[in-house]
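Student: Could you walk me through this structure, starting with the ligand and its surroundings?
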Amino acid sequence: MTLSGQRVLLVIGGGIAAYKSLDLIRRLRERGARVRCILTAGAQQFVTPLAAASLSGEHAHTDLFDRDDEADIGHIRLARDADVVIVAPATANLMAKMAGGHADDLASTVLLATTLPILLAPAMNPRMWLHPATQRNLAVLMADGVRFVGPNEGPMAEAETGPGRLAEPLEIVAALEQMLVPSGPLVGRHVLVTSGPTHEPIDPVRYIANRSSGKQGHAIARAAAEAGARVTLVSGPVTLPDPPGIRTIHVETAAEMLAAVEAALPADLAIFAAAVADWRVADATDRKIKKEPGRLPSLALAENPDILATIAHRVSDRPGVVVGFAAETNDVVVHARQKLERKGCDLIVANDVSTATGVMGGDDNTVHLVSATGVETWPKLRKEDVARRLVAELAQRLP
Ligand code: C5P
């Protein structure tokens with residue numbers, strides 16, 4: 001019973017391979033999973049809601065505007081009351097809708113509303129699979145964190161061969177087990193990551209901020225989850241989506257970020273990648289500051305708490321390894337060494353954020369790892385690769 005107690009939401013798309021989804025329901029239930037199905041209009045041309053309901057033992061959902069369904073559970077709860085979503089078969093159209101963020105029926109609306117991990121099992125004609133549009137959508141969905149199983153190569157219903165066959169139900173089950181039963185060097189560990197900027201209000205409509213995009217911090221959270229960790233991501237205001245399967249806590253100010261970090265303890269490893277504002281506006285007002293001709297307001301600033309230093313200096317529940325970032329524009333390593341000492345952390349990941357480097361908001365990063373034992377300089381890497389390499393390195397340092 002490898003999937004015992006897991007709640008699977010199975011979205012069945014409209015393709016001839018939909019009949020295999022019925023077998024998939026049986027296989028999932030044999031392993032102890034609870035399965036709830038959504039059938040698209042296309043799917044219902046191939047299999048019936050009654051068959052899906054009979055095999056799953058749960059009502060099968062079909063209609064976004066069904067009054068009984070909405071009163072009973074509703075599409076937003078459907079998107080939440082599960083542990084994982086499988087889309088099988090995922091048609092070219094369903095992939096396109098997901099990649100484009102469309103929500104024009106129950107299946108696509110739930111897929112847009114969910115923050116659960118998603119496993120897609122595509123099935124379509126090989127030419128449709130290989131079409132640049134589908135390949136583009138595949139890349140977009142992978143970047144969004146969607147996982148894929150298949151498609152396989154082989155004879156197709158239309159007497160063609162090529163990539164496009166739905167993965168076999170047992171392959172889909174195996175991919176799901178791999179997704180849900182974590183493996184990797186951080187299994188059983190709790191990793192806490194801060195990411196993004198903070199916004200410090202001046203008045204209800206204005207704030208002080210910085211150029212951090214959250215790309216590096218979010219990539220670290222994803223890499224830690226890939227390495228098997230349970231991850232809490234405390235994120236300032238960013239335009240990035242929440243990484244699937246990761247508990248993401250949204251905050252705005254440094255004070256809120258500190259409170260969220262403290263509430264998330266204990267952790268085995270804490271990585272502070274956020275660009276926290278050093279100062280907040282001391283006398284932020286609840287009323288919008290009026291513009292008056294000839295009068296220039298001046299802002300009095302107050303110091304923000306240093307989250308990294310606060311956590312690194314904790315006595316009772318200090319995380320086993322505490323990592324800080326140092327964004328500098330000159331003498332990067334010198335400043336990082338001082339910061340390591342001052343903040344009391346175990347490692348500083350230092351990077352040059354001079355405008356010419358394009359690091360702030362960009363996709364690449366060149367970092368130096370500064371610890372008590374020395375400095376290690378890595379080549380220019382994509383932020384995802386910096387994240388993976390950093391997580392692998394830190395996993396070895398954990399007590
Ligand atoms: O002092 P500086 O801002 O350069 O230090 C950067 C490191 O300290 C980063 O890891 C950042 O997340 C953390 N930091 C913090 N709270 C602050 C300021 C910085 O956690 N108020």
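Tutor: The ligand is surrounded by Phe272, Ala274, Val276, Asp278, Pro305, Asp306, Ile307, Leu308, Gly324, Phe325, Lys339 and Lys343, where a residue counts as near if one of its heavy atoms lies within 4 Å. This is a predicted model, in which local features need pLDDT of at least 70 and side-chain atom pairs count only at pLDDT 80 or more, while totals for chains, interfaces and linings use all residues. Residues are numbered from 1 along each chain as its sequence is written, and side-chain values use heavy atoms, with hydrogens and water left out.

Student: How does the shell around the ligand divide into nonpolar, polar and charged?
Tutor: Its residues divide into seven nonpolar, one polar and four charged, with Ala, Val, Leu, Ile, Met, Phe, Trp, Tyr, Cys and Pro counted as nonpolar, Asp, Glu, Lys and Arg as charged, and the others, Gly among them, as polar.

Student: Where does the ligand sit?
Tutor: The ligand sits in the second largest pocket, meaning that more than half of its atoms lie within 2 Å of the pocket's grid points. A pocket here is an open set of points on a 1 Å grid over the protein atoms alone, where a 1.4 Å probe fits, with protein on both sides within 12 Å along at least five of seven lines, and lining residues have an atom within 4 Å of a point.

Student: How much space lies in that pocket?
Tutor: About 970 Å³ of space lies in the second largest pocket, and of the 41 residues that line it, the closest to its centre are Ala274, Ala275, Val276, Phe325 and Ala327. The lining divides into 20 nonpolar, 13 polar and eight charged residues.

Student: New topic: which peptide bonds are cis?
Tutor: A cis bond joins Gly150 and Pro151, with omega about 5°, and the bond from Leu265 to Pro266 is also cis, with omega near 5°. Most peptide bonds are trans.

Technical notes
Points joined across faces, edges and corners; volume = space filled by probe spheres on them.
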